[in-house]
Amino acid sequence: MKKRLFILFALALTLMPGFVSAATLAPERVSAIRQQCAVIQTILDQLQRRDLVARTNRGRAYEAQIKQIDALAQRLRANDITATMLEAPAANFKAIVESFRVAYVAYDDHMTVVRQIDCRQRPEDFALKLEEMKVLRHALGIEVTKGEEALNQYRQAVVVLRETIPEDKRSGSQ
Amino acid sequence: MKVLKRLRQHPVVRKTMALANRHKLPAALFLAIAAALTLTVISVSMYYVAGFSRYDLSRPGYEKERTEIAKPTAQKEYDTTGPVNKTVIDSFLREFDDRQKDLKDYGDYLDQSLTDEDLLIAQPAE
C-alpha cells in the first residue's frame, strides 16, 4: 500500500504540468541517450549495486539503533521510571525506518524498470522513467534526512531525561 | 471422510497403494524426495517472486559488493533490568553516538548520481 502511494506520488509529480520540462525530451538529449545507451546502463547498474550496499548497511545500523532504544525503554520500565518524553521520538524514528524501507523498494523497483527499457529503441520512455526515478531517489534521501533528525530528537530527549535522574537512582529490586 | 473413501477406491490410488505396500522402502524414499523437491520449489519461488533475491548480496556476481558491507561492530548488549543512573545514561549515549556516526558513513541517496553529467548524457560545461 505504502509502495503504491510512493509510486503514485512520483507519478503525480511527473505528470504535473511543467514538471516534465521540454529539456527532458529535447531532441539532443534523446539522441544522446540513444548514443550513450550502453554506458548509461552500465552506470545505472553500478549505481543500483552501490545503493543496495548502502541500503544493507543503513538497514543494519537502523536495526541496531532500534534495539538500543528498546533496551533503554525496557530498563526504564523495569526501574519504574516514566519516560514519556522518549516515546514519541522513538515511535517517530521507527515509523521513519519503515518509510525508508518502503521508499527504497519503490526506488529500486523503478530502477529495475528503467534498466529494462531499451534506451536505443525507446529513448523517450527511458528519459521519462529516469525523471521519475530521480524523484523517487530524492524521496528516499528525504527519508534518510528525516531519520537523522528523528535520532537527534531522541538523543535530546534522553539528555533531558538524564537531568531528571539522580546520580544514585537505583532499581527497586536491588 | 466420504471423499477420502472414494479416493481410496479410485483405481489409480488403489494401484499406487498396492505398489507402495509391495515396495515400502523405495516408496518412502520417493515420497521423501518428492516432499523435499516440492518444498524447495516453493521456497525458491517465494525468494524470487517476493523480490527477496534482488536484495540478496550473497548472490553470485556480488562479490565486490559483499566486501563493502560494514562489518558489524560488537554492539554492547544493553542490560534491560539493571539500575538506571546518570552513568548508565551516559554509557547509552556513547553507544548511541557511535551508531549515529556509523550512519553518516553510508550513502544518503542525496548525492546527484542521476544528473545528465553523471550519466554521460550531457557533457559538463567547460
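Colleague: What makes A:K134 and B:D116 a salt bridge?

Modeller: First, keep in mind that this is a predicted model. The closest N and O atoms of A:K134 and B:D116 are 4.0 Å apart. A salt bridge needs a side-chain nitrogen of Lys or Arg within 4 Å of a carboxyl oxygen of Asp or Glu, so the pair is counted as one.

Colleague: How many salt bridges does the rule find across the interface of chain A and chain B?

Modeller: The rule finds 9 salt bridges there. Across this interface there are also 24 residue pairs in polar contact, both partners being at pLDDT 80 or more.

Colleague: Which elements of chain A give two or more residues to the side that touches chain B?

Modeller: They are helix 2 (27-35), helix 3 (37-78), helix 4 (84-116) and helix 5 (123-164) of chain A. Helix 3 of chain A provides the largest share, with 29 residues. Sorted by class, this side of chain A has 34 nonpolar, 14 polar and 20 charged residues.

Colleague: How do you know what size to give the interface?

Modeller: The size of an interface is often given as the accessible area lost when the parts come together. For chain A and chain B, the buried area is about 5500 Å², and carbon and sulfur atoms give 60% of that. Chain A brings 68 residues to the contact and chain B brings 49 residues.

Colleague: Which residues touch the most other members of the largest nonpolar core?

Modeller: Those are A:L44, A:L72, A:L86, A:F126 and A:Y154, in a core of 63 residues. Helix 2, helix 3, helix 4 and helix 5 of chain A, together with helix 5 (86-104) of chain B, each give two or more residues to this core. Helix 3 of chain A again has the largest share, here 15 residues.

Colleague: What does A:F126 contact beyond its neighbours within four places in sequence?

Modeller: Its partners are A:I33, A:I40, A:Q41, A:L44, A:V114, A:I117 and A:C119.

Colleague: Let us turn to chain B. Why is B:E63 called partly exposed?

Modeller: B:E63 has a relative accessible area of 44%. Buried would need under 20% and exposed over 50%, so B:E63 falls in between and is called partly exposed.

Colleague: Where is B:E63 placed, and what does its side chain reach?

Modeller: B:E63 lies in helix 4 (residues 63-68) of chain B. The side chain of B:E63 reaches the backbone nitrogen of B:G61 at 3.2 Å.

Notes
Residues numbered from 1 in each chain as written. Chains lettered and ligands numbered in written order. Predicted model: local features only at pLDDT ≥ 70, side-chain atom pairs only at ≥ 80, totals over all residues. Heavy atoms only, no water. Contact = heavy atoms within 4.5 Å. Buried area = accessible area lost by both parts, 1.4 Å probe. Polar contact = N/O pair within 3.5 Å; in protein donor to acceptor, adjacent residues only side chain to side chain. Helix = DSSP H or I, 4+ residues; strand = E, 2+ residues; numbered from the N terminus. Nonpolar A, V, L, I, M, F, W, Y, C, P; charged D, E, K, R; others polar. Core = buried A, V, L, I, M, F, W, Y, C linked by side-chain atoms within 4.5 Å. Buried < 20%, exposed > 50% of the residue type's maximum accessible area, 1.4 Å probe, protein only.
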